Amino acid sequence: REDPMPQVSSKKHFNRLVSLVMRLYNSVRMIFETAPEKFSPVSYVRGVEGKTCPIVDEWCSGFLHELALADNAWQPLLDD
């Protein structure tokens, strides 16, 4: 299994990275607690044949990777 810990150049950089991840986590958690219907995952877009298309395969791949990191925590929702 791939090491999920990113390589960082300094403790300051690591603390900044953790701070940003926690800010995003808290924001998503607040949305789920107060208005889950307003949640919308972040995705990039690209132009294809003159149309704008969301790039969702990277998001889905990342989601499945993270799901596998804590599969026991997700099991009650999957059972439901």
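The questions and answers below concern the fold, surface and selected residues of a predicted model.

User: In what order do the elements of the chain run from the N terminus on?
Analyst: In this predicted model, the chain holds three helices and two strands. Read from the N terminus on, these elements follow one another in the order α-β-β-α-α.

User: Is the chain a compact globule or more spread out than one, and what is its radius of gyration?
Analyst: The C-alpha atoms fill a box of roughly 45 × 35 × 30 Å along the principal axes. For 80 residues the globule rule gives 12 Å, and the chain lies well over that value, so it is more spread out than a compact globule, with a radius of gyration of 16 Å.

User: What percentage of the residues of the chain count as buried?
Analyst: The accessible surface of the chain comes to about 7400 Å², and carbon and sulfur atoms hold 59% of that area. A residue has to fall under 20% relative accessible area to be called buried, and of the 80 residues of the chain the share that counts as buried is 4%.

User: Which elements give two or more residues to the nonpolar patch on the surface?
Analyst: The patch is formed by Trp59, Phe63, Leu64, Trp74, Leu77 and Leu78, which together have about 610 Å² of accessible area. The elements that contribute two or more residues to this nonpolar patch are α2 (57-69) and α3 (71-79).

User: Does Leu78 count as buried or exposed?
Analyst: Leu78 has its place in helix α3 and is one of the residues of the nonpolar patch. Because the cut-off for the exposed class is over 50% relative accessible area, Leu78, at 56% relative accessibility, counts as exposed.

User: With which residue does Glu33 form a salt bridge?
Analyst: The count of salt bridges in the model comes to one, and in the pair formed by Glu33 the closest N and O atoms are 3.9 Å apart, a distance to be set against the limit of within 4 Å. Both residues lie in helix α1 (residues 11-34), four residues apart, which is about one turn of the helix.

User: How far apart are the mean positions of the positive and negative charges of the chain?
Analyst: The chain carries 9 positive and 11 negative charges.

User: Which residue has a positive phi although it is not a glycine?
Analyst: Most residues other than glycine have a negative phi. The residue in question has a positive phi of about 50 degrees, lies in the loop between β1 and β2 (51-55), and counts as exposed at 81% relative accessibility. This residue is Glu49.

User: How far apart in space are Pro41 and Gln7, C-alpha to C-alpha?
Analyst: Pro41 lies in the loop between α1 and β1 (44-48), where it counts as partly exposed at 36% relative accessibility. Pro41 and Gln7 are 34 residues apart in sequence, and from C-alpha to C-alpha their distance in space is 25 Å.

Methods
Residues are numbered from 1 along each chain as its sequence is written. This is a predicted model: local features need pLDDT of at least 70, side-chain atom pairs count only at pLDDT 80 or more; totals for chains, interfaces and linings use all residues. Side-chain values use heavy atoms; hydrogens and water are left out. Patches are made of residues with over 30% relative accessible area and no salt bridge: like charges are joined within 9 Å, nonpolar side chains (Val, Leu, Ile, Met, Phe, Trp, Tyr) within 5 Å. Accessible areas come from the Shrake-Rupley method with a 1.4 Å probe; for residues, only the protein chains shown count as cover. A salt bridge is a side-chain nitrogen of Lys or Arg within 4 Å of a carboxyl oxygen of Asp or Glu. Buried means under 20% relative accessible area, exposed over 50%, partly exposed in between (1.4 Å probe, protein chains only). The radius of gyration is taken over C-alpha atoms; the globule rule is 2.2 Å times the number of residues to the power 0.38. Lys and Arg count as positive and Asp and Glu as negative; His and the chain ends are not counted. The place of a charge is taken as NZ of Lys, CZ of Arg, CG of Asp or CD of Glu.
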